[in-house]
Amino acid sequence: PAPVSSFTASTAIIDSAGEVGSGTSIAIGPDGLGLISYYDATNAALKVAHPTFMRLTGEIEFDVNQDVVTVDSGVAGTGPYKGKHTSITLSPTGFPHIAYQYSNDFGHIDEAQLYARGDIPQGTGNCGEGDAAGDWQCEVIFNDEGVGQYADITLHDWTNPSIAFFD
């Protein structure tokens with residue numbers, strides 16, 4: 001392959017309220033912009049960010065009130081903690097699929113591997129908060145002590161997830 005002759009990088013702060021941004025994963029949507037899944041430790045929550053605006057200069061702008069949604073959340077400080085160790089992939093039509101960890105407490109007494117998908121009819125799902133309420137379907141894949149870290153997800157047959165994680 002020919003060497004890349006030019007490259008333009010862009011950075012943006014998508015969320016800065018509290019302790020946010022660990023366990024990130026990114027996929028590029030059909031619109032050419034990234035979808036980013038990450039853990040919000042302040043709110044014990046899985047969040048997804050997707051910018052809706054890119055300047056002609058290539059700069060990406062995020063509006064945390066519009067471009068960031070809470071997919072699943074627990075209770076900060078006491079648990080459960082939902083959204084650790086995220087991995088995101090997209091269907092060919094751009095719908096996100098996310099693998100992530102649930103942990104009931106810091107002692108790792110009760111943990112699980114969870115799966116969230118955003119390819120359902122709007123408002124028919126069992127998770128999502130605020131304006132995204134019911135826009136996600138969340139499911140427990142595996143439940144046992146010490147599972148769910150370092151998740152990775154891919155789709156086969158364009159819709160069926162394959163999820164790998166530490167057990």
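This is a predicted model: local features need pLDDT of at least 70, side-chain atom pairs count only at pLDDT 80 or more; totals for chains, interfaces and linings use all residues.

Trainee: How do the side chains of K47 and D40 meet?

Mentor: They form a salt bridge, with an N to O distance of 2.8 Å.

Trainee: Which network includes D40 and K47?

Mentor: A network of salt bridges links D40 and K47 with D15. The side chain of K47 meets that of D15 in a salt bridge at 3.5 Å, N to O. This pair connects distant parts of the chain, 32 residues apart: K47 lies in strand β3 (residues 45-49), and D15 lies in the segment before β1 (20-28).

Trainee: Why does K47 count as buried?

Mentor: Because its relative accessibility is 12%, and buried means under 20%.

Trainee: And D15, buried or exposed?

Mentor: D15 is buried, since its relative accessible area is 13%.

Trainee: Changing topic, what does D119 form with R117?

Mentor: D119 and R117 form a salt bridge, and their closest N and O atoms are 2.8 Å apart.

Trainee: Why is D119 counted as partly exposed?

Mentor: D119 has a relative accessibility of 28%, so it counts as partly exposed. R117 is also partly exposed, because its relative accessible area is 24%. Partly exposed covers the range between the buried limit of 20% and the exposed limit of 50%.

Trainee: How many salt bridges does the count come to?

Mentor: The count comes to five salt bridges. Among them are K47 with D40, K47 with D15 and D119 with R117.

Notes: Residues are numbered from 1 along each chain as its sequence is written. Side-chain values use heavy atoms; hydrogens and water are left out. A salt bridge is a side-chain nitrogen of Lys or Arg within 4 Å of a carboxyl oxygen of Asp or Glu. Helices (H or I, at least four residues) and strands (E, at least two) are DSSP runs, numbered from the N terminus. Buried means under 20% relative accessible area, exposed over 50%, partly exposed in between (1.4 Å probe, protein chains only).
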